[in-house]
Amino acid sequence: MNKRIAFRLISIIIAMCLAISGCSAETIETGKDNDMTGENNVAVTGVDNADADKEKQNRQDRDDDAPTINIIDDSYRNYYEIFVYSFYDSDGDGYGDLNGVAQKLDYIAEMGYTGIWLMPVHPSPTYHKYDITDYYDIDKTYGSLDDMKNLIKEAHDRNIDIILDLVVNHTSSMHPWFIDACQQIERNGYPEGVYKDYYNFKQEFENGYTNVSDTGWYYESRFWSGMPDLNLDCPAVRDEIRNIMKYWFDLGADGFRLDAVTSYYTGNIDKNVEFLNWLGTTAHDLKEDCFLVGEAWEGADSVIRRYYDSGLDSFFIFTAATGEGSIVSGPMSFSAQNCGIKLNDLILKLQNIYDVGLPSMFLGNHDTARAANFLRRSMPERVKMGAGILSMMPGALFTYYGEEIGMIGTGEDPNKRIAMLWDGMNSEGYCTKTPDGVSVNADSYCFESVHKQQSDDASILNYYKNAMRLRNENPEIARGAVTALNGTDPVVAGDQVSVTKRSWNGSDIIVVINLNSQDEESVVLDKKNLGFEKKTGELYARPEAGRIIEDGTGRFVLPPYSVMILR
Ligand SMILES: [Ca+2]
Ligand SMILES: [Ca+2]
């Protein structure tokens, strides 16, 4: 059955059940309860007892760790970024592959991810594959088109969307279009042929250009000579881009991550915005509910905000990411005594600036240092808290593979893209072919493998899992309007605590975060004035420091680095 139709049918059935039981019909309950965070699970009543018993039995039959996932069919998803090369090797040739991703879909779903961003999968001469030679095929090391179709189907069966990396600023210098265009110049002394306008050729050298052998012609190549920039003004190039998008939409892709949008027209934001408007409009004409997120790697919110004028669905909020970004240098600052206030200010600032579209929040990606590096690998509680804050931010959320086990990697790009540690380095699925031949050994990993962390309740992995679960259980977090409650009448909280209300679709929740890394903090929240009934979720970055204590009068004591949801 078509995924969307199936979703609507399930939605209707569950909405009917919820209407009978008097519960909110905003979310879909598909998993089982969990003692850490699952106290607000929606009870499905109104079905006859035999069915209810059967459902109960089904739930018990599932893995005890199966997550509670409330999947809403929109773009405010928890996306998991995968570098296929280093993810899971299904056939033992040393390279990760698409079938490997398919084999780990249950893991991804159990972690609470509802979308996947696949880094480029097309034929390419480089290990990273950001220089493409054929937009309509799959690189042989990764598998086949059939493997991709299977992966998309299997992902959709688990309510996981797949977005692909769309690299259209440039092609590979080995792409047939570029090879033909250069041969024409060599043959004729000037650009000629079908592809003469596909790239930016000129006879004067300038920065960011490379010579076409010794013809006196140069081509634009902003990244390096192996990546000739496409001429995005050329109508035939735009037709190609439209065809590429249509091809992958027809195969089931749910959207695209747009690579290097600031380089479309280097130094010309207005032209970039204009092109993105064309790209977004064209994509949504092809697939109405597709999701496009642009890599506008800029250091100022005001500049990233200009890109939203294109009407594109989303952009990555680079200002909040990495060790220098506003999350780590603000509310996670070591020296500040007002981290709660800083977090409120940050969320409100982002809400004010990004008043259109949706922000795509992340800590790190394949181009940045890994989060465990800049959050400090010696402080796992801080690695967890980074994820805890991220999971409470409005917008879409992206996690780079391996962040959930605290993988490390910094400096040269290949270091940031090494093999996922499922079990040991000799275990099944481990990708032994390292990116660009970078040396990898046991010291390349800081924390335990997925396998070991899964059985440790206090692991980084289980923290991520609980954080994603809270985000899925409370759709108000990603989608809701934020009101800061510190300093308002019914709230008594210190400056190290963030207290916010999230309002969405007629429903409010209260999010309380203790950003004090060392000490517990008490807060008093007036139940009646704030309109909540009880604590429905909690997260502990320092589980050894105890759990949240409440005295029944609205006073809560939160251990250091903890999160609480009230509903
Ligand atoms: Ca393989
Ligand atoms: Ca360009």
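Let me start with contact: two residues are in contact if their C-beta atoms, placed from the backbone, lie within 7 Å. Keep in mind that this is a predicted model, where local features need pLDDT of at least 70, side-chain atom pairs count only at pLDDT 80 or more, and totals for chains, interfaces and linings use all residues. Residues are numbered from 1 along each chain as its sequence is written, with chains lettered from A and ligands numbered from 1 in the order in which they are written.

Okay, the overall picture. We've got 16 helices and 20 strands in the protein chain; those are DSSP runs, H or I of at least four residues for helices, E of at least two for strands, numbered from the N terminus. Of its 567 residues, 49% count as buried, meaning 20 or more other C-beta atoms within 10 Å of a residue's own, again placed from the backbone. And of the contacts with a separation of 6 or more, 66% are between residues 24 or more positions apart.

Now, helix 10. Its buried residues include Cys339, Leu343, Ile347 and Leu350, and the buried set packs against, among others, helix 12 (380-391) and strand 14 (497-504).

Strands 16 and 19 pair over four bridges, with Glu521 bridged to Leu558.

How values were computed. Buried ≥ 20, exposed ≤ 12 C-beta atoms within 10 Å, placed from the backbone. Pairing = 2+ DSSP bridges.
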